[in-house]
Structures are given as structure tokens and as C-alpha cells.
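Me: Please go through the chain contacts and the helix packing in this model with me, one question at a time.

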Amino acid sequence: MFAGLDIQIPRGKITAVMGPSGTGKTTLLRLITGQVPADSGDIQVAGANMRAISRSNLYVLRRRMGMLFQNGALLTDLSVFENVAFPLREHTDLTERLIRQLVLTKLQAVGLRGAAELMPAELSGGMSRRVALARAIVMDPELLIYDEPFVGLDPISLGVILRLIRRLNDTLGITSIVVSHDVSEISKIADQVFLLSGGKVVAGGTPQELQTNPTEIVKQFIGGLADGPVPFHFPAPDYFDELLSRKEVL
Amino acid sequence: MRKSRTLNLGTGSFVLLGFAALFFLTTQTTSRGLSWFGPPHYEITAKFDNIGDLKVGAPVSMSGVEVGRVDKIEFDSNEYKAVVQLRLNERYNKIPTDSDASIYTQGLLGGKFIGITAGGADTYLKDKGQIDFTQSAFVLENLIGQVLANFTKSKADDQDSAAAAGAKANTDAKPNADTKSKEKTK
Amino acid sequence: MFKELWESFTDALEGLGSVVHFLFRLLVHSPPALLRFSLISQQIFNSGAFSLVIIMLSGLFVGMVLGLQGFQLLQRFGSEEALGTAATIGLVKELGPVVTALLFAGRAGTALASELGLMRATDQISAMEMMAVDPIQRVVVPRFLGGVISMPLLAAIFSVIGIYGAQLVGVQIMGVDSGSFWSQMRSAVGLSDITEGIVKSIAFGIACSLIAVYQGYYATPTAEGVGRATTRTVVTSAVVILFLDYLITAAFL
């Protein structure tokens with residue numbers, strides 16, 4: 001679904017990927033994480049060619065990444081603490097005390113240390129996303145991917161997540177990719193923005209540059225205009241003509 | 001961690017219950033009893049001309065008490081006889097070597113089984129031994145055949161004697177007739 | 001018309017191949033999963049222990065009906081004493097494995113399918129993949145093995161309780177001699193009958209668990225997708241169980 005996509009994501013910065021619904025932002029993420037194989041072209045993550053990588057090497061690579069899913073994707077049969085501890089228990093041989101320390105530290109970073117014993121069903125949307133964030137960083141990854149982290153959050157929780165993304169990126173020195181279509185919010189924290197449309201990159205640059213970009217599609221997206229290169233009407237024959245010909249108009 | 005303790009207890013109890021049920025089924029519902037391969041046993045062979053429809057697993061009894069089971073049935077192409085292997089319970093190891101084995105029928109139309117009648121010898125049958133005196137199965141068709149054969153034979157006998165009597169009567173009657181006709185024509 | 005028939009035939013073949021491929025994946029990942037026995041233990045509890053009540057109740061009632069019907073039937077031939085044999089053989093060889101498997105598909109099978117389907121729908125499976133944890137090994141195989149281990153045990157419990165149910169009706173209520181009930185059973189029932197029952201329940205366990213986890217794992221990640229997965233589990237399991245029942249019965253003859 002992509003044709004001619006050319007993106008370079010700089011290390012240590014927050015890069016936002018935006019675009020109208022259905023342009024394949026999530027697919028792009030899946031290509032980066034290797035969940036979806038590419039038909040042609042080249043994807044390089046931390047020096048590894050994602051198309052040629054073996055399954056075990058892929059798993060090793062994934063340990064250096066963290067991903068935050070749209071709905072948190074916490075394991076429902078484990079408590080908050082166990083969810084965050086999950087990667088540690090699966091991949092490391094650390095003692096119970098060390099695990100406990102690490103988990104609580106990460107929970108503290110997202111402000112939920114007190115909720116460690118709760119079950120995912122008892123959390124609000126914003127809280128479960130924060131727990132998922134704590135889980136994503138528990139292995140100290142080099143790359144963090146956020147898939148639509150702002151969807152459905154109230155302004156307060158939204159502000160919390162924003163602050164966390166920026167803070168984590170700065171303090172941990174990691175690379176962050178945020179997929180979102182929340183222009184105003186993401187512009188507050190992104191270092192670089194890519195706008196996708198029709199399988200291509202139509203614009204790239206800092207948030208300020210995008211605001212002043214003259215391209216039609218960019219203007220429509222940034223300004224939230226109802227009609228433009230992305231049309232308001234789903235393709236249909238001319239309405240006036242249909243009415244005139246007195247055919248049955250659906 | 002407490003949760004996993006009750007969990008393990010629950011799983012353990014369930015698995016135990018399941019295996020107890022399996023154990024019950026294999027030991028209490030079959031004749032195998034509590035031993036692993038069945039009660040200790042020894043093997044004896046017996047050769048028969050005709051075993052009828054004797055099946056593997058049929059009981060072997062002495063004086064009506066089950067002492068073993070039929071283990072294997074094979075055909076000896078040298079002697080043209082059926083070779084039946086009997087698995088006898090170790091408890092009954094005082095069967096004289098000159099005992100005889102016969103094939104009986106359970107009830108009127110039931111399955112076949114083997115009955116051993118004790119002989120008088122001083123030596124007893126041991127593992128891999130053989131019973132030399134055997135009596136074959138009673139095959140219903142043969143009996144019917146015999147009955148029919150007897151029946152037709154006796155009928156034929158009756159007919160013969162009737163014919164002979166008839167012939168005698170005829171020969172007695174005939175001179176009279178002749179005389180009569182002779183008289184008539186005279 | 002033929003084109004559609006052919007297409008649905010090839011679809012079915014493809015589906016079958018997919019399921020067999022899935023089974024191989026599960027078997028390959030079983031040895032490492034066995035090392036983390038606590039996961040499997042939990043699933044045995046979920047599949048087995050929770051089904052215990054319905055299995056025991058059903059076993060009791062089926063056994064009692066068997067006792068009633070068997071007694072009535074045998075009475076016509078004057079062989080009431082053979083009730084023990086009839087009930088035991090009927091339960092151990094047929095009713096135990098088959099009814100248990102059908103109930104299992106309904107209770108535990110649907111639970112497995114909907115659990116996995118829900119995990120798929122809420123991205124939990126993707127999240128695990130992202131965390132470099134193989135979801136097959138950690139989530140699917142324990143559930144599969146849990147089902148396979150539980151089924152023969154459940155079938156055995158069903159049969160035992162059924163036999164006692166038959167005894168309850170036959171001996172206590174209908175007046176069959178208790179001694180004859182058990183002694184005739186003992187002399188007529190052989191180890192091969194029990195073995196046949198065990199083989200059947202193991203086969204059914206593999207089939208039902210496989211179908212349940214397959215439907216759940218590959219469910220469409222929507223609410224109706226999960227619902228469809230659960231109904232398909234029950235229907236497919238039922239057909240496969242009855243088909244396998246015939247195969248194994250014929251094989252043992």
C-alpha cells in the first residue's frame with residue numbers, strides 16, 4: 001500500500017507520523033517492528049535489515065524496542081505489577097528483589113507506583129496506557145513506538161501522557177516514534193513530523209515548518225479543513241444530474 | 001503467590017481424582033484385578049481336531065471353577081489340528097499331566113469354553129506343558145446332519161420293509177388274480 | 001454451481017492444512033512449554049477442574065438412564081444380571097469419552113476459544129510478539145496441553161460415576177443382584193475395552209483442544225469475530241468427535 005516511501009528517523013528525537021485515516025500509519029509501524037513483511041524496498045532498524053532478518057534475531061532486536069498499543073494491551077489475567085514485570089520475567093534471570101525494584105521504579109516514573117496491585121480491569125483508559133508505557137520501558141529500550149497514544153483520553157490524562165513521552169525521551173535518550181493524528185497535541189512535543197497521504201510522504205519537517213507548508217493536503221490536514229485534496233464526498237455521480245433525470249435517488 | 005498455591009492444590013486434586021478413576025476402571029471392572037499383568041500364570045497347549053467357535057479369551061475351567069483363559073489359537077499345518085494355548089493361573093498348578101481338555105458350550109447356545117477333567121497321574125502340568133487328551137467341540141451342524149442322515153436312513157429302512165411287505169403281498173395276491181382271470185377266461 | 005462446490009472444497013482443504021500446520025507448531029513448542037509446568041498446571045485447572053461439576057452431574061444422570069434403559073432391554077431377554085456389563089461397556093467405550101468430549105467442547109472449548117480470541121482482539125497477542133515473547137509458546141500451548149491432559153481424566157471420572165449411577169438404579173431401585181452386577185461385569189469387561197476408551201478420550205482431547213485454540217487464535221479481532229470463533233469451536237468439535245469415534249471404534253474391532 002506504500003509506494004515510494006522514504007523516511008529517515010533520527011536517533012534520540014521524537015518523530016511524529018501523521019496522516020488521514022487509512023493511510024497506513026499502523027502498517028508502517030508493523031513494518032518497522034517486523035510484524036508485517038515488506039514486498040519491496042529496504043527497512044533498516046539499528047543496522048539490521050528487516051526483510052532478511054531471522055526469527056530469533058528479530059526477537060533479539062525487539063527486546064531493544066518498546067511499543068505502546070492504542071488500548072494499552074495489558075495482559076488481563078495479570079496484575080499491574082505482573083504486567084510490567086512480564087518482560088523481565090520472560091527475558092532475564094533477575095532475582096525477585098531486583099525485579100521488584102525495577103518494576104516499582106518504572107511505575108513511579110509514570111506515576112502509578114501505588115496502583116501496583118490492581119488488575120487491568122480496574123484501571124481507567126489513561127491509567128492502563130500509563131501502565132503499558134511502564135511495561136514498554138522496563139527493559140530500557142532504545143526505540144519507543146507509540147501507536148495513537150492520545151485516542152480517547154480526557155485533557156488531563158492527555159497532558160500526562162504528553163509530558164511522559166517528552167520526559168522519557170529526554171532522560172533516557174531514546175528514539176521515539178509517535179503515530180497520531182492529533183495535530184495540536186503532537187506539535188507540542190515532536191522534533192520532526194512526517195505527513196503521510198496516499199502511500200507517500202507529502203511533507204516532512206519541524207511542526208513549525210508544517211504550519212507554513214503551502215501544499216494543499218498539508219494545509220487541509222493541519223487546518224482540519226473538511227474538504228480539500230481529501231474529498232468530503234465519497235465518489236458518486238453528480239447529485240443534480242441524478243435529481244433531474246428523475247431516477248430513483250438513493 | 002497464595003493464589004497459585006490453591007491453584008496447584010486444585011489441579012493436583014483434580015489430576016489425582018482422574019487417575020483414581022482410571023485405576024478403578026482398570027482394576028475393579030475387569031477380571032485383571034490389582035496386579036499389573038494379571039495374576040501370575042503359566043502356559044499350556046492342547047491340540048484339537050475341531051474347536052468350533054472357541055475364541056481367544058474364553059474361560060478354562062475345572063469342575064466349573066475358572067482356572068485360566070484361552071490365550072492364543074493357531075493352526076498346525078503338519079498335523080492339521082488346532083493348537084490352543086491356555087494361560088492358567090499359578091494358583092492351580094496341580095493339574096495331572098494325563099488330564100483331558102474338552103470344549104464345551106455355555107448354556108445351550110452360548111460361547112465355547114474349555115473344561116479340564118483331572119486325570120490320575122502323579123506328575124503335574126508345568127509351564128510349556130501339553131495336554132494330550134482332548135475332545136473336540138460339539139458342532140451343531142454335524143449333529144443335525146447326523147440326525148437327518150439317521151432319519152432318512154430309518155425312513156428308507158421303513159420303505160424297504162414296506163416295499164418288501166408290499167411286494168410279498170403282491171406276489172401273494174397276484175396268483176389269485178391270475179387264477180381269477182384264468183377262471184374268467186375259461 | 002460446480003465452481004462454487006470446488007471453491008468450498010478447496011477452502012476446506014486449505015483450512016484443514018492450516019489446522020494441521022498449527023498442530024505441528026504446537027507440538028514443536030510443547031517440550032519447552034512443558035518446562036514451565038506452572039502455566040500448564042493452571043490450564044489443567046481451568047479446563048479440567050472447572051468442568052468437574054458438569055461432568056460429574058452428567059455422568060450420574062447418564063449412568064442412571066443407562067441403568068433404567070439397560071434393565072428394561074435386558075429384561076426382555078431375561079438377562080437382567082448382565083446390567084453391570086452392559087452399563088460398563090457402554091460407558092467406558094462410548095458414552096464416557098463421547099459425552100465428556102461434547103461437554104468439554106461446550107464448556108472448556110468455548111472458554112479457550114473466547115479467551116484467545118479476546119486476547120487477539122485487544123492486541124495482547126501483538127503486544128507479546130512485540131515484547132519478543134512467543135505467544136504460541138506462552139499462551140497457546142499451555143492451553144492446548146491443559147485440554148489434552150484433562151480430557152482422559154474427565155472421561156474416566158464420568159465413566160466411574162456413570163457406573164455407580166447405573167448401579168444405583170439397577171441394584172437399589174430395580175432389584176438386580178449386586179453380586180451379579182459386579183461379577184458379570186468383571187468377567188466380561190477386559191482391559192482392551194478400557195484401553196479403547198482411553199485412546200478415544202485422548203484423541204478427542206487433542207481434537208477439541210486443537211480446534212478451540214485454533215479458532216481463538218485466528219479469530220477476527222472483533223466482538224462478533226470472537227462470537228463466531230466460539231460457535232465454530234462447538235460445531236466443528238462435535239462433528240470431529242463423532243467422526244473420530246467411528247474411526248477408533250472400527251480400528252479396535
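This is a predicted model: local features need pLDDT of at least 70, side-chain atom pairs count only at pLDDT 80 or more; totals for chains, interfaces and linings use all residues.

Me: Which pair of chains has the most contacts?
Reply: Two residues are in contact if their C-beta atoms, placed from the backbone, lie within 7 Å. No contact joins chain A and chain B, and their closest C-alpha atoms are 12 Å apart. Of the two pairs of chains that touch, the one with the most contacts is chains B and C.

Me: Which helix of chain C gives the largest share of the side that touches chain B?
Reply: The contact between these chains takes 20 residues from chain B and 23 residues from chain C. Helices (H or I, at least four residues) and strands (E, at least two) are DSSP runs, numbered from the N terminus. On the chain C side, two or more residues each come from helix 2 (37-47), helix 4 (83-121), helix 6 (135-173), helix 7 (178-188) and helix 8 (191-217). The largest share, six residues, comes from helix 6 of chain C.

Me: How many residues on the side of chain C that touches chain B are charged?
Reply: Ala, Val, Leu, Ile, Met, Phe, Trp, Tyr, Cys and Pro count as nonpolar, Asp, Glu, Lys and Arg as charged, and the others, Gly among them, as polar. On that side of chain C, 14 residues are nonpolar and eight are polar. The number of charged residues is one.

Me: How many of the eleven residues of helix 2 of chain C are buried?
Reply: A residue is buried if 20 or more other C-beta atoms lie within 10 Å of its own, exposed if 12 or fewer, and partly exposed in between, with C-beta atoms placed from the backbone. In helix 2 of chain C, the buried residues include C:Ile40, C:Ile44 and C:Phe45. Helix 2 of chain C is mostly covered, and its buried residues number eight.

Me: Where around helix 7 of chain C do its buried residues lie?
Reply: The buried residues of helix 7 of chain C are C:Phe181, C:Gln184 and C:Met185. The arc, that of the directions from the helix axis to the C-beta atoms, is only 105 degrees for these residues, so they lie on the same side of helix 7 of chain C. In general, an α-helix has 3.6 residues a turn, so residues three or four places apart point the same way. What covers the buried residues of helix 7 of chain C includes helix 4 and helix 6 of chain C.

Me: Which helix of chain A gives the largest share of the side that touches chain C?
Reply: This contact joins 14 residues of chain A to ten residues of chain C. Helix 2 (55-62) and helix 3 (80-91) of chain A each give two or more residues to the chain A side. The largest share, four residues, comes from helix 3 of chain A.

Me: At what angle do helix 3 and helix 5 of chain A pack?
Reply: Residues A:Val80, A:Asn83, A:Val84, A:Phe86 and A:Pro87 of helix 3 meet A:Val131, A:Ala134 and A:Arg135 of helix 5. The axes of helix 3 and helix 5 (residues 125-137) of chain A are 7 Å apart. The angle between them is about 30 degrees.

Me: What pattern does chain B follow along the sequence?
Reply: Chain B has two helices and eight strands. Of its 186 residues, 18% count as buried. Read along the sequence, the pattern of chain B is α-β-β-β-β-β-β-β-β-α.

Conventions. Residues are numbered from 1 along each chain as its sequence is written. Chains are lettered from A and ligands numbered from 1 in the order in which they are written. Axes are lines fitted to C-alpha atoms, for helices over the stretch in contact, and angles run from 0 to 180 degrees between N-to-C directions.
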